[in-house]
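Good morning, and thank you for joining. I would ask you to look at the sequence and the model on the screen before we turn to the details.

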Amino acid sequence: MMLNISRDLFESFMRTVVIGGAFSNEERTLGTGPLAEKTQKDIISGKRIDHRTPYLCRVSGKGGYAEGPTAIKRLQFRNVSLLDHLVSVARGACVFAELDLRAMGVPEDKIHLRIAILIAVAFLHDADKILGRERVDYLTPDDIGQLLQRYRIDKFLEASGIKVSPEDLLSMIHGVEVSRSGSLRPGMRLLSAEEAGDCHYARLADRLEGIFLHSEAGLEEMVKELERFGGFRSQTFAQGWRAVKVRSAHTPFLLNALQRGLSAATQDLAAMPPLIEVHHDGEFLAIIPEVVADRIIDAAVARATRPLRLGMRVMTNPRGTRNIFDGGSGPEDLLDLLAQDAGEASKALFLHVELLTGQGSIREKIDGLLTALGLPPDYAGLSKFSGKHYQAWPHRSDENELLTALRRDAAAIAVGLGCAEPEHKELAAKVPESSQRENELLGAIRASGNVVPEWLLHVDHKLSRQTLLAALAAGLADRDEDFRERLLGFEGLLHLWLCGDGEDRAGLLAKIGDPGAVFIDAATTWLRSCMKGQFLSADETAGGRCHFTNIPVGLERRIDTKSGLDGIKTSAFSGREGRPESYESSRSQTLVSPAAAAEHRLRTLMGEGRSGEVPAYISSPTMMGLFASLNMKADADFLQINHYDLMRQEVKPGKSIWPEAQTYGQRIMFGRHVSIPAKTEEVIALARMMMQSALRLSRPVHVFKGLPTPENAYVHFDFLPGAVERGIGGRSLRLEQMPDAIEHLCILEQMMAIPNLGLEVTLRYTDPTSRFAAACEALAVINRLPEDKQKQLSHLKMTLKSTVWSPETPMTATDNVLIDFARAMTRVQAAPSRNASNSERTLGLKVALDAIESCAGEIHQTGTETLIAAIAGGLENEFERSSRLVWRGKDKGLHFPRKAAFEAATLFVDKVWPVAFKNRPPASKARRIALAVYQVAFENESYRKREQAPSVTPPEQAEI
């Protein structure tokens, strides 16, 4: 394996530095605070996971939020977390270094030491950002020493057999960062030519990461940067790179499959991962080695479309005949099937019992041949076996991985050797018999320099001989990579047996046929056209158009309930252009082009969707950074999770939890079957969970109602009500904006759950232009709740009060005049007690409205002096006749403050009535809002006056 050093060191780095250091309790506590004692105990005991976002996942590495002149520049970059940026540069640097140093003939032990140091340097190259400093600030060896311990980098280096001083690491960090290059601080030293050259690998990785994240630069600029780079010591990277761009927003599932296929094909054919492979916002981008680019693309498309075939089925009947049924496209399907079904692999590898017992036994010869190759036969049940075909390699729960893999390979070869030929005469004439396949295998073994024992060739029982030959070939292939490629590779012998040569020779799979061929052909044509930027040919005279892509299609493309396409209704009538159905016809006319049918077929096969619902477009990169699949095992190795999975914190039966140790750095298909709910309450909850999921995943999450558009933000939503968008700061948010946005959405969810508050007040609260009045109304509603309920909502209540008291909360002209009137009323009415009713708190405004409405409505008097006198008189009457109401100074024996009442009434008539109510009685909603604003303002101003002014009115001012 060409990159075995990088893989091993990077996995050690991930375990020790990222999982152990960056995701430690200390890093989670920074900025978020400690956990409650019980929660901490539950986490230690394994009952729940720590949900707090680690520090490096809350800070932007590129494209972060900023105010001022730098904001526009940052908006040009895709927003990624600092952790993702550091890990990407470390991974890119180690891959560049290993490939280049190997080509120069550097011994592996030296490569190991140099790459381990390089990973540490690359991770710390932005030490100033980690420490929260500016680029112009100096770094000291003490700073680096602190980071070595904080992120357990010293443990990683120690496990790699390296001891290096903070001063030396700081010198190398300066060698990576162009802005610091050439500067020496106390304790630092000049780097050797070898060290400086190694630092250039990290400098290149950092540069490439920056170019990729710059949304206007493009993949071509990355390729040019690689061509300009003069720091490579060998010609390994001189063969060039190819940028692959596929824009196909209609087919996200096909693009996911293409990415996995291209990743695996690149590693198979180029012995390295793609430099870039990302699928985001309807676009797939990749950079692969030019020398094998065409082969990689062909293999990637083949892998991507494989799932559209019917599943392969292998059966070994009691007579020992091995056969293939139902579907499959080649060796990959056969190997995958036998890997998943070890029992079927065991059945395919049998030996006739007479070869193992009695006088004709060749048991010792079999043992001597295959035990040395890692496939020792198991005879544990042979003495009691009464049948003819003994399974010599049964599946055991405690067997090692090597034996499992060898049994799978041997079973695949045995099935290919012994599979029954087609019964159709014309097809059978194109498929060689098993004897020819056996001779081809013998020829391949001998061509590889190995010898087939004579005794094996003289085994009369044909099926047993095939088993032994298959086991021999599998064992030899495990030790010889070239022979394995000739036997099981993309164009190997097993592929020839199953698929033919594409000319005169047919394969064994031809007898099965391919019911999924229409999907595969359509998906292949679609992906190739998208890759090459070619137009698809279409019949413009067709009777209709595809429901999804608008491609012209004939009426025979109508779907029905048997089509098995996830989330598509078969008979909904819309009457729009391209839908040819008639209101007079009961026959469904929903048309779906072959490419769209393949996409939705793939959705269906992957499951988890709710019937009848088309998933929203949840766009989150399955992988992040340079050489992202370095430590990926296979193209089928991925997690499929949604936001509910990531919200789960407690261990519950039948429900999985996903700590970062299991998700970070993995290939993840997130939220691919999530639908946008119809209710606004659920929409807000979905947005909040998507934000929290983005923090948990440490990767961007964009959610679209329809087709996506490229977005640089960390989270982007196009489905939120306008008021909510304005409330959280827009539909596109950067990483630093998300904690406040999540907190705001949590407040909205709490408000919507309160009786008599509901959605209308909540939406007014989230909109900054109406937030103040809505907060007042919410406080008024909460004040009417029972005491125990108010205690449960204490955090919400404090948040609402903070909103009301904050000088940054915008207020309308109506709010201002109501506050002025409330302030004026504090000179009339005494401050309300803690147990005062809402009626007492709103008395002044109610009296004023009742008085002015009586004058205007009953006696038709609207003169200013009349209205003022009515309000002032009404206030005095209310206080005089009520035992509950107290005017200012009554407890000191003072008379009712008529002058203050007259001033308050004048303010109401001159300002409140024309500004807040437009000189006419308010509707019930406006009245409710005004009373709430007045109530909160009156309470606030009452206590402010007590603190800042005398609590009583001087006697000479008590009366007019």
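This is a predicted model: local features need pLDDT of at least 70, side-chain atom pairs count only at pLDDT 80 or more; totals for chains, interfaces and linings use all residues.

Residues are numbered from 1 along each chain as its sequence is written, and side-chain values use heavy atoms, with hydrogens and water left out.

Let me begin with the sheet. Helices (H or I, at least four residues) and strands (E, at least two) are DSSP runs, numbered from the N terminus. Two strands pair if DSSP finds at least two bridges between them. Three strands, in the order S3-S5-S4, make up an open antiparallel sheet. Strand S3 (241-247) and strand S4 (276-280) stand at the edges with a single partner strand each, so one side of each has no neighbour in the sheet. From one strand to the next, the twist averages 10 degrees; axes are lines fitted to C-alpha atoms, for helices over the stretch in contact, and angles run from 0 to 180 degrees between N-to-C directions. S4 pairs with strand S5 (residues 283-289) over five bridges, and Glu277 has Ala286 in S5 as its bridge partner. Helix H13 (residues 252-270) lies across S3, S4 and S5, at about 10 degrees to S5, where contact means heavy atoms within 4.5 Å.

On a 1 Å grid over the protein atoms alone, a cavity is a set of points where a 1.4 Å probe fits but cannot get out, and a pocket is an open set with protein on both sides within 12 Å along at least five of seven lines; lining residues have an atom within 4 Å of a point. Grid points are joined across faces, edges and corners, and a volume is the space filled by probe spheres set on the points.

The second largest pocket holds about 1100 Å³. Its lining has 35 residues, with Gly61, Lys62, Arg74, Lys129 and Arg135 the closest to the centre. Helix H11 gives the largest share, six residues.

Finally, the largest cavity has a volume of about 80 Å³. Strand S12 gives the most to the lining, three residues.
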